[in-house]
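Visitor: Please take a close look at the charged side chains here, and at what surrounds them. Give the cut-off for each term as you go.

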Amino acid sequence: MSVIPLTPSLDHLREHIPIARVGDDVEGVHQVRVATRRLDVWLRLAGQRTFRDDLAWLRRGASSVRDLDVVLERDLPGPLRAWLVEEHQVARTTLIECLDDERLGALLIGLSVTPPVDADRAAARLRRIARRCWKLGKAAERSAGDIERIHRLRRALRRVRYGLEWTGGKAKPIKRLQDSFGAVNDHAVTIALLERCPARAGLADFRSDLERRLREGAAGAIEGWRASRELVKALR
Amino acid sequence: MELTLIRHAEAADAGPDGDDGARPLTRAGKRTVRAVAVALARIGVGAELLIHSPLLRASQTAELLVPLLARDGETRASSLLAESPGASILDLLGGLATERVALVGHAPALSQLAAWLVAGDRAAAERFPLGKGGAAWLRGEPRAGAMQLVAWLPSGVSSRVAEGTSR
């Protein structure tokens, strides 16, 4: 019987928690978030609910910092940048609280004693994940640029990709497809932050430009999906 | 708050590495927990939050109790449930916004916690003997001596409730 242990991603998470805590290298937080996503997919492949909410909790802490890290790499109007730098400090404080919480220690202990998943069962569950992705793809195609539906498809594609990585399938073509969705998320995150910025009233032109780029990104993502959707169809 | 304490069911012996935390539930243990889940649901126990010890036998017990969770309910791992109860567990419970909580843990910590919450005395644990797969349903404020015992379900009772029979 072939089995798939979760060890590689658990080790990856453990390795990057101290780097995320120090905060000098943005990769630390980024890789913590990546590891939580990979582990979440592993738990889905194992049909396991426990620890997924703990991973989601840690991911929220990491995402609040990582999203700001990414946005701060953009060319931004001064008032928005100044506010985002303050928000980044707040998000880092919240993340450090997560990293110091006993819940994280419990999560790491729990994952370290979780037995590997049977490869055949994981493969069957991956087919289910692919079926869901296919449905979300069809819904996104019909939605005429509905950003929320595109986000759902983007997240589903990521699950398919990680599922393929766990089960030894060919993940690279899905990753390329997933990349075509990246700009959509970057613009959407920036708009969501802009909505909370106290100086937003004076940034209407910047926002219009972002919204235009978001629409273009969404159209490009759907185009990419249409061109490569057979990859997902074949996995169902 | 409605608080349900559930002790993990029968677990296998430790493997060659001797890791107590990695002991899985036995087949009989899994059967017991499934009956506990049915019995608790039948008497009206549910949870918005299921907090469990991270040790494998407890997380596997929690996994089988997931059907008790409300639709948007959450699970949470906590090392506080793998040790004797102290102020931290009361702080955790007191700080929750949820009204219905289930805890999955070990002996004698859960008996000590039940004694503390109901009788106000952790040392009275022998009056609250939770066997493997046993459950205690409490109601009240999660403070020392401020909860009432609503139901006490040894695993044998849960099995009979699940089967729809009684002695």
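**Charged pairs and their surroundings**

Guide: A:Glu211 and A:Arg207 form a salt bridge, with 2.8 Å between the closest N and O atoms; the term means a side-chain nitrogen of Lys or Arg within 4 Å of a carboxyl oxygen of Asp or Glu. The model is predicted, so local features need pLDDT of at least 70 and side-chain atom pairs pLDDT 80 or more, while totals for chains, interfaces and linings use all residues. Residues are numbered from 1 along each chain as its sequence is written, chains are lettered from A and ligands numbered from 1 in the order written, and side-chain values use heavy atoms, without hydrogens or water.

Both A:Glu211 and A:Arg207 belong to helix H10 (residues 204-233) of chain A, where they stand 4 residues apart, about one turn of the helix. Helices (H or I, at least four residues) and strands (E, at least two) are DSSP runs numbered from the N terminus. An α-helix has 3.6 residues a turn, so residues three or four places apart point the same way. A:Glu211 is partly exposed at 28% relative accessible area, and A:Arg207 is partly exposed at 26%. Buried means under 20% relative accessible area, exposed over 50%, and partly exposed in between (1.4 Å probe, protein chains only). Elsewhere in chain A, a network of salt bridges links A:Asp209, A:Arg212, A:Arg213 and A:Glu216. Over all chains, the structure holds 26 salt bridges.

Another bridge of chain A joins the side chains of A:Glu165 and A:Arg161, at 3.1 Å from N to O. These two residues lie in helix H7 (residues 147-167) of chain A, again 4 residues apart, about one turn. A:Glu165 is partly exposed, with a relative accessible area of 34%, whereas A:Arg161 counts as buried at 10%.

In chain B, B:Arg100 and B:Glu48 form a salt bridge whose closest N and O atoms are 3.6 Å apart. This pair links distant parts of the chain: B:Arg100 is in strand S4 (residues 100-105), B:Glu48 is in strand S2 (residues 47-52), and 52 residues separate them. B:Arg100 is partly exposed at 28% relative accessible area, and B:Glu48 is partly exposed at 26%.

A further arginine, B:Arg76, sits in strand S3 (residues 69-77) of chain B and counts as buried, at 13% relative accessibility. Leaving out residues up to four places away in sequence, B:Arg76 touches A:Asp54, A:Asp101, A:Glu102 and A:Arg103, together with B:Leu49, B:Leu50, B:Ile51, B:His52 and B:Leu92; contact means heavy atoms within 4.5 Å.

The rest of the surroundings can be taken by chain. In chain B, helix H4 (residues 109-119) has 9 of its 11 residues buried, so it is largely enclosed by the rest of the structure. Among the buried residues of H4(B) are B:Leu110, B:Leu113, B:Trp116 and B:Leu117. The buried residues of H4(B) pack against strand S1 (2-7), helix H3 (87-94), S4, strand S5 (135-140) and strand S6 (147-153) of chain B. After H4(B) comes B:Gly120, with a positive phi near 75 degrees.

In chain A, A:Phe51 is not a glycine, yet has a positive phi of about 80 degrees. A:Phe51 is in the loop between helix H2 (26-45) and helix H3 (52-72) of chain A, and is buried at 0% relative accessible area. A:Ala144, also not a glycine, has a positive phi of about 55 degrees. A:Ala144 lies in the loop between H6 and H7 of chain A and is exposed, with a relative accessible area of 74%.

A:Ser112 is placed in helix H5 (residues 102-112) of chain A and counts as partly exposed at 39% relative accessibility. With neighbours within four places in sequence set aside, A:Ser112 contacts A:Leu10 and A:Arg14. A:Ser112 and A:Pro5 are 107 residues apart in sequence, and their C-alpha atoms are 9.9 Å apart in space.
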